[in-house]
Amino acid sequence: MDMKVRGVLIYECEDCNTFFSVSFQPKVSCPGCRGNNIKSLGDGCTYYNEEPPPLETSKESEELELIEESLTLETLLKAQDVADILSVSERVAYEIMEEKGFPLIRIRRSKRVDKTDFYEWLQQRKF
């Protein structure tokens, strides 16, 4: 297996005296104490066998990762699923999903509902 080389910046945390290196990223904090009182010691390189992670993630990507961690795709219902469960049209399902108190999850322009939350919401609407 071929070794790969990646350039890094080397830092020292002045609060906890931790030495660490990071790939070239604009925002850096100490991995030991999470502090920002750090000084640059120079640059260097690191050797590795795997692909390095991306340098930055967008805010949208981070939000989607959080959603994916807490919800799997199997637990999310689409409007068509809601329509099928309630025996109504998809248009009516979209109207229901916009009602106040409905546990709607918006992912950009898509509308989803967690299956458990949907059935709890449905139970609360029983007379």
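Helices (H or I, at least four residues) and strands (E, at least two) are DSSP runs, numbered from the N terminus. This is a predicted model, in which local features need pLDDT of at least 70 and side-chain atom pairs count only at pLDDT 80 or more, while totals for chains, interfaces and linings use all residues. Residues are numbered from 1 along each chain as its sequence is written, and side-chain values use heavy atoms, with hydrogens and water left out.

**View 1. The buried face of helix 2.** Ala79, Val82 and Ala83 are the buried residues of helix 2 (buried is under 20% relative accessible area, exposed over 50%, partly exposed in between, with a 1.4 Å probe and protein chains only). Seen down the helix axis, they fall within an arc of 100°, so they line one face of helix 2; the arc is that of the directions from the helix axis to the C-beta atoms. Just after helix 2, serine 87 has a positive phi of about 55°.

**View 2. A closer look at alanine 79.** Alanine 79 belongs to helix 2 (residues 79-86) and is buried, because its relative accessible area is 2%. Leaving aside residues up to four places away in sequence, alanine 79 touches Glu90, Ala93, Tyr94, Met97 and Lys111. Its C-alpha atom is separated by 9.1 Å from that of valine 92, 13 residues apart along the chain.

**View 3. Helix 2 against helix 3.** Helix 2 packs with helix 3 (residues 90-97) at an angle of about 105°, their axes 8 Å apart. Axes are lines fitted to C-alpha atoms, for helices over the stretch in contact, and angles run from 0 to 180 degrees between N-to-C directions. The two helices are therefore roughly perpendicular (65 to 115 degrees; under 35 counts as roughly parallel, over 145 as roughly antiparallel and the rest as oblique). Helix 2 brings Ala79, Gln80, Val82, Ala83 and Leu86 to the contact, and helix 3 brings Glu90, Ala93, Tyr94, Ile96 and Met97.

View 4. Three strands make an open sheet in the order 4-6-5, with antiparallel pairing; two strands pair if DSSP finds at least two bridges between them. Strand 4 (76-77) and strand 5 (104-107) are the edge strands, each pairing on one side only. Strand 4 is joined to strand 6 (residues 110-114) by two bridges, and leucine 77 has valine 113 of strand 6 as its bridge partner.

Methods: Contact means heavy atoms within 4.5 Å.
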